Amino acid sequence: MKKKRTVFYLLILALVLLLYLVFARLIDAKVINRYYSGIITMVCINIILAVSLNLATGFLGQLVLGHAGFMSVGAYAAALFTIHSGLPKMVSFPLALVLGGLVAAVFGVLIGVPALRLKGDYLAIITLGFGEIIRVVITNMDFTGGARGLRGIKHLTDFTWVYFVAVLTVAAVFAFIRSRHGRAVISIREDEIAAEASGINTTYYKLLAFIISAFFAGVAGALYAHHIGVLIPNKFDFNYSTEILVMVVLGGMGSVTGSIIAAVVLTILPEFLRNFSDYRMVVYSVILICVMLFKPSGLLGQHEFSLAGLWDAVRGKGKRNRADGPAVGGQKGA
Amino acid sequence: MPLLEAKHLGIAFGGLRALEDVNFKLEENQIMGLIGPNGAGKTTVFNLLTGVYTPTEGTVELEGKSIVGRKTYAITRNGIARTFQNIRLFKDISVLDNVRIAMNSGMKYSLVSGLLRLPSYWREEREVTDRAMELLDVFGLKDLSGSQARNLPYGQQRKLEIARALACSPKVLLLDEPAAGMNPTETQELMETIKLIRDRFSIAILLIEHDMNFVMGICEHLIVLDYGRIIAEGSADEIRGNPKVITAYLGGE
Amino acid sequence: MGFLSQVINGLGLGSIYALVALGYSMVYGIVQLINFAHGDIIMVGAYATYVLLVMVGAPLWAAVVGSILFCTLAGIFIERVAYHRLINMNAPRISLLITAIGVSIFLQNLSQLIFKSDGRSVPNMFNFGTVQAGSLQITSAAVINIVTSVVMMAGLQILVGKTKMGKAMRATSEDAEAAKLMGINTNSAIAFTFGVGSALAAVGAVLYCNTYPMITPYMGGLLGLKAFVAAVLGGIGNIPGAMLGGYVMGVAESLTKGYISSSFTDAVVFGILIVVLLVKPDGLLGKNVSEKV
């Protein structure tokens with residue numbers, strides 16, 4: 001058992017490194033030009049955003065509509081730090097990333113403590129409200145540059161940073177879900193009253209999931225700020241929150257790999273369909289409705305992508321029974 | 001000192017007095033039955049004992065200390081675990097995970113240990129998995145550990161819920177209609193399992209049931225509730241012949 | 001402008017919120033769903049009025065009737081297509097919420113595609129100038145709004161209290177399963193509720209067009225939010241509560257504009273929502289319904 005596990009981890013590590021090396025070489029050799037590497041960077045950032053939102057919405061089961069708000073808070077905090085800190089960029093950038101995450105996490109506490117006491121519908125609206133409030137406040141403050149935006153942010157985000165932070169985020173969320181804390185969070189989604197009766201401090205775990213989700217959104221924001229170089233508060237609006245929500249819903253609420261796949265698809269596709277950008281939000285809304293009507297669990301449901309599962313699906317067979325290991329899986333029908 | 005004691009316990013919802021002056025003592029290792037017609041307030045008693053409701057009068061004492069006002073999860077950690085009348089399993093996760101979740105409060109490894117997969121993570125996870133499998137084995141669910149709780153047949157779901165409650169390492173186990181919907185064979189099996197877990201885990205059990213064979217078969221002491229008040233208590237034989245109880249609801253068992 | 005004038009004009013504004021809040025409350029009462037898309041029905045009503053009045057050149061009464069009809073049908077259509085399936089299979093709440101958001105975004109962006117983002121102006125419909133009564137200065141719009149909302153409310157009370165369909169709606173709100181067992185067609189009751197709610201929103205839209213000169217594809221957002229806060233304030237699921245909440249919101253907004261500043265109104269709206277949800281989530285007139293354990 002232990003051996004199988006170690007081999008599996010090593011394989012994943014090798015795959016991750018291989019992917020990195022391939023892309024890094026291609027970018028260095030200018031085979032992949034600035035435009036495409038920019039898309040790859042956004043793919044990684046959106047993966048971080050989707051996976052972190054999935055933690056709160058998919059695994060905890062609370063609809064969060066203001067995720068872009070956490071991202072913006074992290075973005076501004078990180079940007080202001082690198083602009084004003086005076087530290088060399090090798091030091092200030094990683095610090096900025098952590099700072100972005102922490103500031104967003106603080107907001108996660110501020111918003112989470114009142115919001116998580118409410119039922120699902122109200123929680124969704126409150127998170128939406130806070131997202132909007134954050135945006136309005138940032139627009140009206142001087143030191144953030146106001147509505148014109150914050151300019152002059154150094155382009156410190158490169159492929160290496162964004163790739164490995166994305167990998168770290170995915171690994172962290174996976175590790176969390178397959179730990180006792182993750183199980184507690186999932187039990188709250190399944191049945192909050194039964195979770196309480198089983199000794200789970202639901203308030204604590206709801207807040208924990210919420211904060212971790214906000215943290216990674218903040219980190220994504222920090223990466224974004226140093227990729228684009230300019231921060232405009234209206235970029236982090238309800239539309240952006242919705243785009244991330246669509247990734248989570250489409251990929252599967254409760255599937256990390258589903259979020260990754262959806263993030264990749266929904267970042268790349270709009271780029272190639274730029275001519276139809278006017279129709280983007282209409283298409284997204286239709287996707288949301290159709291997924292809810294026909295496959296509410298999303299593409300991957302609560303499963304993670306596995307080659308074995310893909311093979312079974314192709315052959316039209318049912319799901320396998322995995323009886324051991326820290327397994328958390330299952331198909332949420334509705 | 002009794003393990004669990006209710007003293008003048010009562011609750012009113014607005015103008016409706018759902019329970020009034022409920023007194024009972026549950027001793028260690030005792031199996032006690034709470035019976036009465038539908039709507040008498042039996043589940044309400046459970047809800048008061050587990051902190052889902054706060055009593056408007058009286059107290060509940062666990063090992064001599066009042067638990068009134070505590071949150072449900074704290075009461076569970078103090079030693080009272082329960083099952084639900086309508087089965088509240090974590091439906092879309094595995095049987096094994098249902099049990100492991102209930103063991104969470106006994107586990108110690110920190111968030112950081114979990115994220116970094118430090119040795120304490122592996123060790124505690126393995127311990128918990130082993131313990132969970134043992135527990136499932138008691139209920140004959142070991143082979144189904146990987147199945148989704150949703151896919152289990154009804155009788156197994158009830159058993160799983162009991163296993164999950166036991167996973168909380170309680171001193172007191174509250175079972176709300178554990179035999180509901182079971183056929184005579186399953187009921188007999190359940191009776192034996194309950195006696196077994198009482199002996200093996202040294203716990204006291206308070207159960208609500210309508211199946212009189214079941215109740216008379218394993219309960220050492222019975223309390224009868226009607227319209228929110230206790231109308232009789234005693235051993236199975238005493239209750240069986242009690243005219244008040246018969247009038248209240250024993251239709252024909 | 002005197003305090004009383006502010007209040008009365010606030011009541012006029014609040015009438016619009018009240019009419020829309022009724023839709024939120026009724027739908028929540030019957031299917032326990034916060035219909036995110038309800039605010040955008042106002043927008044649909046406003047544009048329908050615009051199209052009929054300005055583009056088709058229909059007479060005023062036809063534009064109003066047509067707009068109401070269109071919204072009613074739109075509301076029922078949305079319920080059938082987007083919500084019906086999920087309601088019937090007892091889908092988890094989060095699914096319904098996500099669908100509602102999808103519908104809302106769809107309506108807003110579809111409208112933007114058709115009409116573009118810049119606003120359209122609707123000609124003044126029932127303007128009889130400002131009424132002067134002693135020291136009070138009241139716009140005719142305020143009077144019309146208040147009268148209309150009161151009339152609508154009375155009509156709704158009769159509909160819900162005295163008609164067969166009204167009884168069906170109430171029964172389904174109380175206990176859908178029991179209602180079905182009693183032979184009530186809950187699907188019809190639900191569709192009817194959506195229809196009535198949308199019709200009221202359309203009336204609100206007409207009044208809105210009369211009060212404000214400009215309509216945009218995104219007007220439903222803020223307006224819907226204010227009406228939603230009104231519904232929550234009054235106690236969601238509670239019809240008189242929705243009216244009360246609407247008037248309170250209107251007066252609060254009017255007074256804020258008058259005595260503080262208009263840029264603060266949005267903050268006040270959210271502030272009220274947050275306070276209500278944290279202090280008394282059942283609202284002023286609502287009842288506490290907790291989950292049975």
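Analyst: A crossing is left-handed if the near helix is turned anticlockwise from the far one by less than a right angle, and right-handed if clockwise. This is a predicted model, so local features need pLDDT of at least 70 and side-chain atom pairs count only at pLDDT 80 or more, while totals for chains, interfaces and linings use all residues. Residues are numbered from 1 along each chain as its sequence is written, and chains are lettered from A and ligands numbered from 1 in the order in which they are written.

User: OK, chain C to start. What is its radius of gyration?

Analyst: Chain C has 11 helices and 4 strands; helices (H or I, at least four residues) and strands (E, at least two) are DSSP runs, numbered from the N terminus. The globule rule, 2.2 Å times the number of residues to the power 0.38, gives 19 Å for its 293 residues, and chain C is close to that, so it is as compact as a globular protein of that length. Taken over C-alpha atoms, the radius of gyration of chain C is 19 Å.

User: And what percentage of the residues of chain C count as buried?

Analyst: The C-alpha atoms of chain C fill a box of roughly 60 × 45 × 35 Å along the principal axes. A residue is buried if 20 or more other C-beta atoms lie within 10 Å of its own, exposed if 12 or fewer, and partly exposed in between, with C-beta atoms placed from the backbone. On that count, the buried share of the 293 residues is 55%.

User: How are α2(C) and α4(C) oriented to each other, parallel or antiparallel?

Analyst: The axes of α2 (residues 38-55) and α4 (residues 93-115) of chain C come within 9 Å and cross at roughly 25 degrees; axes are lines fitted to C-alpha atoms, for helices over the stretch in contact, and angles run from 0 to 180 degrees between N-to-C directions. Under 35 degrees counts as roughly parallel, over 145 as roughly antiparallel, 65 to 115 as roughly perpendicular and the rest as oblique. That crossing is left-handed. So α2(C) and α4(C) are roughly parallel.

User: Which residues in α4(C) meet α2(C)?

Analyst: Contact here requires C-beta atoms, placed from the backbone, within 7 Å. The α2(C) side supplies C:D40, C:M43, C:V44 and C:Y47, and they meet C:S104, C:L107, C:Q108, C:S111 and C:F115.

User: Where is B:Y227 found?

Analyst: B:Y227 also has a positive phi, near 50 degrees, without being glycine. It has 15 C-beta neighbours inside 10 Å, so it counts as partly exposed. B:Y227 sits in the loop between β9 (221-226) and β10 (229-234) of chain B.

User: On to chain A. How many helices and strands does it have?

Analyst: The C-alpha trace of chain A spans about 55 × 50 × 40 Å along its principal axes, and 52% of its 334 residues count as buried. Of its contacts with a separation of 6 or more, 81% are between residues 24 or more positions apart. The count for chain A is 13 helices and 0 strands.

User: What is the handedness of the crossing of α2(A) and α6(A)?

Analyst: α2 (residues 34-59) of chain A and α6(A) pack at about 20 degrees, with axes 9 Å apart, so they are roughly parallel to each other. Residues that meet there include A:I40 and A:I47 from α2(A), and A:V162 and A:V170 from α6(A). The crossing is left-handed.

User: Which element gives the largest share of the side of chain A that touches chain B?

Analyst: The contact takes 30 residues from chain A and 32 residues from chain B. Elements giving two or more residues to the chain A side are α6 (159-177), α7 (180-190) and α8 (192-197). The largest share, 7 residues, comes from α7(A).

User: Last one: which residues does A:A197 touch?

Analyst: A:A197 is in helix α8 of chain A. It has 29 other C-beta atoms within 10 Å, so it is buried. Leaving out residues up to four places away in sequence, A:A197 touches B:T50, B:T72, B:T76 and B:R82.

How values were computed:
Two residues are in contact if their C-beta atoms, placed from the backbone, lie within 7 Å.
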